[in-house]
Structures are given as C-alpha cells and as structure tokens.
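Subject: Structure for your review

Dear colleague,

Please find below the structure that I promised to send. My notes on what was found in it follow directly after it.

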Amino acid sequence: MTRPMVTRLTQRPAWKALEAHYQAIKGKHLRQFFADDPKRGERFTAEAAGLYLDYSKNRITDETLHLLVQLAEECGLRERIEAMFRGDAINVTEQRAVLHIALRTPRNEKILVDGNDVVPGVHAVLDRMADFSDRVRSGDWQGHTGKRIRNIINIGIGGSDLGPVMAYEALRHYSLPNLSFRFISNVDGTDFVEATRGLDPEETLFIVCSKTFTTTETLTNAHTARRWMLRQIKDLDGVRKHFVAVSTNAEEVVRFGIDTANMFEFWDWVGGRYSMDSAIGLSTMIAIGPENFREMLAGFHAMDQHFYSAPFDRNLPVLMGLLSLWYNNFFGAQTLAVLPYEQYLKRFPAYLQQLTMESNGKHITLDGSHVDYQTSPIVWGEPGTNGQHSFYQLIHQGTRLIPCDFIGFCQTLNPLGDHHDLLMANLFAQTEALAFGKTEDEVKAEGVPDWLCPHRSFEGNRPTNTILAERLTPHTLGALVALYEQSVFTQGTIWQIDSFDQWGVELGKVLARRIGQELEDENGEPLKHDSSTNALIQRYNRLKQK
C-alpha cells in the first residue's frame with residue numbers, strides 16, 4: 001500500500017524559520033532572558049488537570065513559542081488529534097485505531113470504531129475487574145484449599161509489566177496493607193525465584209498478562225508458576241483459583257487451565273505501552289480498590305480533554321512535546337532526564353523509557369521515507385535527592401546539554417519532620433542552579449583562589465521544566481501519565497512517524513526463537529549465523545554442559 005508523499009519536515013516554512021531563530025538566540029543565557037522580562041516566571045506557565053507547568057527556565061522567547069506552535073499547525077497536529085479521538089486507524093502500519101483514550105472515557109460518552117461504540121465494552125470490563133478486585137480484597141475469593149489470597153503476582157513484560165509496576169509503586173500509599181504485590185517479567189529464572197521466595201502457593205494469585213497468550217517470556221514464566229503451584233497443591237483444578245488472565249485469546253487461556261470467566265479482555269486498539277489503565281491494570285485495581293482506580297481514570301480523562309481542546313500555546317502536552325523537539329532537533333540534545341522528587345515515583349522514569357523510546361524510536365516516516373533529523377530522545381532519570389549524589393554533576397558541569405523535567409508535590413503523603421520542605425528546597429534549588437549557574441567572578445568574590453575558580457563555577461543555561469501538583473493521588477498519577485502520552489504523540493506527529501507500532505522489537509524475537517532451538521539441539525547441527533554468533537553459541541553450549 002503506497003502512501004501519499006507529504007512535505008518533508010525540514011522543508012516546512014516553520015522549520016526553516018526555527019533554524020534561523022535558533023542561530024539568533026542560541027548564545028543567549030537564561031540570566032539575560034530573566035533580566036529582560038521580570039515577569040517571565042509568571043508568564044511561561046500553564047495549568048490543567050491539577051498539574052502546574054513552569055517552563056520559564058527554557059531557552060525560548062515568545063517568538064520561539066510562536067514558531068514551534070506554527071510548526072505543529074503546519075504538521076497537522078490538530079487534525080491528527082481529532083483523527084485519534086474519532087477512532088481513525090492512525091496506526092498506519094498495522095491499520096489500527098489508537099484509542100487508549102477510550103479506556104478512560106466516561107460511560108455517557110461515545111467513541112466509534114468501524115461504526116461500533118467501544119465505550120460500553122470498556123466499562124463492562126471495568127465492572128468485571130471491580131467485582132473481582134472486591135472479592136480478592138475482601139477475602140471472598142479464596143485459593144483452592146480455602147486459604148485467603150494474600151499475595152498477588154503480575155506476570156507480563158513490556159507494557160504489561162512496566163505500567164502495573166510503576167502504578168503500584170506510585171500508589172503504594174493507597175494499597176491494601178494485608179496484600180503483597182510482586183511482579184515477574186524477565187525470562188531470567190532469577191526474577192521468578194526472587195518474586196516467589198517465601199510465598200505460600202496456597203495464598204498466591206497469579207495474573208498472567210498477554211494479549212495473544214503466546215508471548216514467550218510471559219508464557220515461560222506462567223508455566224513455571226503453574227508448576228510451582230502444583231508442586232504443593234497437586235490438583236490441576238487449582239489453576240482455576242490461582243490464575244487469572246488478561247488476554248484476548250480464549251482458546252490458549254483455556255488450554256493453560258484458566259477459566260474464561262476469569263479472563264479480562266482488552267483490544268487491539270490498545271498498545272501495550274498505553275495499557276496500564278486497561279485490564280492490564282488489574283493488579284493496580286486490586287491494590288488500591290476500584291474507586292481509586294476510577295479516580296486515576298478520571299485524571300487521565302481530564303488531561304485528555306485538555307489536550308483535545310486547549311489552544312496549543314496553553315496546552316501542557318503540546319508545550320512539553322514542542323520543547324523536547326526544540327532541544328532534540330535544534331540544540332542537538334540527545335537525552336531527556338525525568339527527575340521526580342517523590343520516592344513513590346521511583347519507577348516513573350523507567351515507565352517513560354518505554355512510552356517514549358518504543359513509540360518514537362523510528363527512522364521511517366509515515367510515507368516510507370527515511371527521516372533526515374533526530375527522532376526520540378533517550379529518556380532516563382532517578383528520584384531526587386538520590387540523583388543529586390549520582391549524575392547531577394554531569395548535568396551541571398558536563399559537556400552535554402541535558403534538558404530536565406522536575407516533578408514535585410506541595411504536600412507529602414508521609415509527613416515526617418521537615419523532610420518534605422528539605423526535599424522541595426532541593427528541587428527548587430536545582431532548577432535555579434541549572435538555569436543561572438555561578439560565574440567565575442561570583443566565585444572569586446567569595447575568596448576562592450584564582451586557580452580554583454574555574455572548577456567551582458557553573459555555566460548554567462541548562463533548561464528545565466518544573467511540574468508541580470498538590471499531592472500524589474490516583475487522579476494526579478492519571479493526569480501525569482496522560483501528559484507524557486500526549487506529549488509523545490505530539491512529537492511523533494511532527495516527526496511524521498508512526499508512534500504506535502514497534503517493529504524494531506520483532507527481529508530479535510524471531511532470531512531468539514531460532515537460537516533457542518539450536519541451544520536445545522543435541523545433534524549438533526551446523527550453525528548458520530555469522531562467525532561471532534556461532535562462536536558465542538558454541539562457547540555457551542560447551543560451558544553449559546560443563
């Protein structure tokens with residue numbers, strides 16, 4: 001299927017204007033930006049869905065913002081947003097709609113896919129999840145031998161692991177204290193052994209998350225879990241009380257031994273990395289309860305609606321997407337650091353790694369051409385203040401420009417002396433230090449010897465966003481995730497790529513299946529890889545036997 005050629009991004013008028021504008025302002029320092037505009041810290045802000053964004057410490061002017069918005073408009077961002085919300089098949093390589101927004105749409109609204117309203121089906125699954133969660137939380141759902149379920153283990157990989165892990169850690173404050181939650185994703189046996197260590201199979205419930213119920217890593221771990229359970233329970237009927245599935249493949253679910261009454265559906269218009277608010281979030285709902293889960297969905301929806309309706313120059317996801325593109329494509333910044341000053345968000349940067357890099361790590365445009373510009377930045381980060389004593393040295397005084405997103409909360413969930421004031425003081429101090437730095441003259445005025453002054457000065461001019469919310473609630477988490485989802489969508493639209501496929505992960509899977517068979521081949525058939533891969537396989541097989 002050939003697709004119509006579109007104007008190349010680098011040939012668009014706004015792009016060319018941004019190139020000229022970059023040359024004009026690239027040497028200007030944030031100290032000067034703030035000196036020229038005393039109200040800058042109040043003007044360059046936006047707010048929606050309980051999140052406040054201060055983007056004043058970015059190397060931009062009103063003209064920069066105007067040109068970035070113009071670029072978004074030239075690239076058809078408004079039309080593509082509307083196409084997504086309509087249910088059009090904007091995932092062009094797989095000919096699918098992209099409707100994670102439907103997962104958090106209220107019951108009284110409609111979203112059509114091929115003429116069918118998908119919202120009732122979404123809420124039917126949510127209602128079944130709520131009923132099951134209530135039964136587990138109350139103790140009504142018991143294991144095969146009549147013991148209460150006390151341990152829930154989610155088995156998945158990629159989006160069916162990273163989302164549930166991140167959400168559980170983020171909302172652990174709201175979790176039922178008499179239930180423990182663990183997660184298995186890696187096919188490395190260590191992951192399974194450590195996740196089940198010390199647990200009683202009679203008190204353990206596994207949630208197996210695989211859309212096709214054929215994912216190699218997930219099914220390998222699921223079969224190991226079944227053997228682990230059967231070693232103690234010794235009754236195949238026990239599988240029905242200790243395993244549930246999140247899948248669309250009823251035949252394989254039944255073959256495994258799971259009752260389809262305990263199979264929770266999701267749809268092919270939900271990508272794995274966009275699925276934490278679908279049935280993939282069953283472990284999250286069991287942990288925090290259906291009411292809190294629906295509050296999280298409300299936060300997602302509030303940000304979705306803001307993204308859909310707000311003007312681009314006051315639209316949080318659009319602004320963040322455009323700023324990321326500004327540094328990535330014009331300043332040559334290759335990474336983005338996400339730095340939550342909230343220990344509960346310790347897995348949030350890892351979650352964003354998949355969301356961002358699997359979505360926009362592409363080198364082919366929608367019309368099949370090679371891009372001639374950088375696409376996704378590399379996303380990384382750790383919670384503050386830990387990161388300050390790890391990699392902030394590089395951000396402050398290194399040779400690379402690293403834009404940073406700082407995330408903080410005005411109220412702590414765990415009041416403890418002056419801990420939270422100290423935490424937030426560090427957040428505000430870091431953004432100030434990164435922006436304004438410290439000149440050699442300022443260092444010298446403090447009495448530092450001349451030879452030491454260069455070492456103790458800071459260039460500054462390092463860009464940051466600051467996202468503040470009142471406190472970390474389920475609603476806030478939903479809004480925060482949707483903010484980054486739609487920011488990624490904004491960037492992918494401008495880069496003219498398909499943010500919703502992931503063909504790059506497929507080749508390794510195919511080769512791994514082939515090599516896996518070779519590792520089990522006792523006949524020693526000749527290997528047909530390159531000399532390096534052949535030698536590595538041969539060495540592994542030799543030492544494995546030893």
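Alanine 245 stands opposite methionine 263, which belongs to strand 9. Strand 8 (residues 243–246) and strand 9 run parallel and are joined by two bridges. Helices (H or I, at least four residues) and strands (E, at least two) are DSSP runs, numbered from the N terminus; two strands pair if DSSP finds at least two bridges between them.

Please note that this is a predicted model, in which local features need pLDDT of at least 70, side-chain atom pairs count only at pLDDT 80 or more, and totals for chains, interfaces and linings use all residues. Residues are numbered from 1 along each chain as its sequence is written, and side-chain values use heavy atoms, with hydrogens and water left out.

Strand 5 (residues 151–155) pairs with strand 6 (residues 180–184) in the parallel sense over five bridges. Between these two strands the chain passes through helix 7 (residues 159–170), and this β-α-β crossover is right-handed: with the strands pointing away from the viewer, the path from the first strand over the helix to the second runs clockwise. Isoleucine 155 has isoleucine 184 of strand 6 as its bridge partner.

Strand 1 pairs with strand 2 (residues 51–54) in the antiparallel sense over four bridges; leucine 53 in strand 2 is the bridge partner of alanine 46.

A covered helix

Helix 14 (residues 316–331) has 16 residues, which at 1.5 Å a residue should span 22 Å; the end C-alpha atoms are 21 Å apart, which agrees. The expected span is 1.5 Å times one less than the number of residues. Helix 14 is mostly covered, with 16 of its 16 residues buried. Buried means under 20% relative accessible area, exposed over 50%, and partly exposed in between (1.4 Å probe, protein chains only). Just after helix 14, glycine 332 takes a positive phi of about 75°.

A buried pair

Arginine 104, in the loop between helix 5 (77–86) and strand 3 (112–113), counts as buried because its relative accessibility is 3%. Its side chain makes a polar contact with the side chain of glutamate 485 (2.7 Å). A polar contact is a pair of N or O atoms within 3.5 Å; within protein, one must be able to donate a hydrogen and the other to accept it, and residues adjacent in sequence count only if both atoms are side-chain atoms. Glutamate 485 lies in helix 20 (residues 474–495) and is also buried, at 1% relative accessible area. Leaving aside residues up to four places away in sequence, glutamate 485 touches several residues, among them His100, Tyr274 and Tyr351.

Backbone exceptions

Most residues other than glycine have a negative phi, and most peptide bonds are trans. Glutamine 95 has a positive phi near 50° and is partly exposed at 47% relative accessibility. Asparagine 461 has a positive phi of about 65°; this residue is buried, with a relative accessible area of 9%. The peptide bond from glycine 384 to threonine 385 is cis, with omega near 10°, and threonine 385 is placed in the loop between strand 11 and helix 16 (392–397).

Yours sincerely

Key
Contact = heavy atoms within 4.5 Å.
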